[in-house]
Amino acid sequence: MTDIFVISAISDTVDDVPRESHLVFADDVGRFYVRQYGLPPMAGRLLGYLFVCEPPQQTIDELSEALRASRSAITGAVKLLESCKMVRRTRAVGERVDRVSLDPADQQPQHFDSAVHKEHAALFREGLALLTDAPVQRRAPLEEMAALAEFLAERLPRLLDEWHVHRDELRASGKLPV
């Protein structure tokens with residue numbers, strides 16, 4: 001009986017190592033998305049976990065157990081990430097539960113739409129119109145932000161084209177999966 005217990009304890013320890021490392025990664029991704037994008041911590045953790053979990057499609061219950069979080073916290077994070085098109089829910093025929101996974105559309109570059117930056121520039125130019133008689137120092141932040149938005153609107157479409165060429169080269173060389 002003692003030998004069985006020892007083997008079981010070793011097996012549990014070995015099985016927990018990848019899970020713990022996955023949770024550490026999920027926490028690291030979560031902190032990054034909180035800091036950089038203002039996502040709630042659970043949404044960032046969920047996103048990080050979905051990058052490394054096996055299988056890549058998980059139920060709410062599986063995610064709740066793995067991330068040691070309530071079902072409601074996971075459900076809220078899924079809804080938020082769905083609205084950002086970062087995750088998706090699917091349901092196989094005959095199943096009664098949704099499975100959550102990364103959204104393949106999220107694997108594509110985001111925020112390269114020049115129209116968004118053009119709109120951003122127009123907003124800053126509108127603000128500048130309100131400050132036509134203001135000193136240069138007062139106008140400077142809006143001038144710089146408008147210039148940046150216009151620069152991005154011009155350059156990002158070309159950068160996206162460059163990325164597609166580079167990605168295709170990486171795929172052709174076998175450095176990225178097809």
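Where does P55 lie? In this predicted model, P55 sits in the loop between α2 and α3.

View 1. P55 belongs to the loop between α2 and α3.

**View 2. Helix α2 meets helix α3.** Two packed helices are described by the angle between their axes and the distance between the axes. The axes of α2 and α3 come within 11 Å and cross at roughly 100 degrees, which makes α2 roughly perpendicular to α3. On the α2 side, look for M42, R45, L46, Y49 and L50, which meet L63, A66 and L67 of α3. Sorted by type, the residues of this contact are seven nonpolar, no polar and one charged. On α3 itself, the buried residues are I60, L63, S64, A66 and L67.

**View 3. Helix α2 meets helix α4.** Helix α2 (residues 41-52) also packs with helix α4 (residues 71-83): their axes come within 9 Å and cross at roughly 80 degrees. That angle makes α2 roughly perpendicular to α4. M42, A43, L46 and L47 are the α2 residues in this contact, and α4 brings A73, I74, A77, V78, L80 and L81. What kinds of residue make up the contact of α2 with α4? They divide into 10 nonpolar, no polar and no charged.

**View 4. The largest nonpolar core.** In soluble globular proteins, nonpolar side chains tend to be buried together. The largest nonpolar core here has 25 residues, and those touching the most other members are L46, L50, L67, I74 and L81. Two or more residues come from each of α1 (2-37), α2, α3, α4 and β2 (99-102). Which element gives the most to this core? It is α2, with six residues.

View 5. Side chains of opposite charge can pair when their charged atoms come close. R71 and D61 form such a salt bridge, with their closest N and O atoms 2.4 Å apart. R71 lies in helix α4 and D61 in helix α3 (residues 60-67), so the pair ties together parts that are 10 residues apart in sequence. R71 is partly exposed, at a relative accessible area of 47%, and D61 is partly exposed too, at 45%. The structure holds 14 salt bridges.

View 6. Follow helix α6 (residues 136-173) to find R139 and E143, four residues apart, or about one turn of the helix. Their side chains meet in a salt bridge, 2.9 Å from N to O. Is R139 buried or exposed? With 19% relative accessibility, R139 counts as buried, whereas E143 is partly exposed at 30%. Further along, the side chains of E154 and R158 meet in a salt bridge of 3.7 Å, N to O. These two residues of α6 are also four residues apart, so about one helical turn separates E154 and R158. R158 is partly exposed, with a relative accessible area of 42%. Elsewhere, salt bridges that share partners join E82, R89, R91 and D98 into one network.

**View 7. Two loop residues with a positive phi.** Most residues other than glycine have a negative phi. R68 has a positive phi, near 55 degrees, and is found in the loop between α3 and α4, following α3. R68 counts as exposed, at 57% relative accessibility. K85 also has a positive phi, near 60 degrees, and belongs to the loop between α4 and β1 (87-90). K85 counts as exposed, with 54% relative accessibility.

**View 8. S21 and V52.** S21 has its place in helix α1. The C-alpha atoms of S21 and V52 are separated by 9.8 Å, although the two residues are 31 residues apart along the chain. S21 counts as partly exposed, at 40% relative accessibility.

Terms used: Residues numbered from 1 in each chain as written. Predicted model: local features only at pLDDT ≥ 70, side-chain atom pairs only at ≥ 80, totals over all residues. Heavy atoms only, no water. Axes fitted to C-alpha atoms, helices over the stretch in contact; angles between N-to-C directions. Parallel < 35°, antiparallel > 145°, perpendicular 65-115°, else oblique. Contact = heavy atoms within 4.5 Å. Nonpolar A, V, L, I, M, F, W, Y, C, P; charged D, E, K, R; others polar. Salt bridge = Lys/Arg side-chain N within 4 Å of Asp/Glu carboxyl O. Buried < 20%, exposed > 50% of the residue type's maximum accessible area, 1.4 Å probe, protein only. Core = buried A, V, L, I, M, F, W, Y, C linked by side-chain atoms within 4.5 Å.
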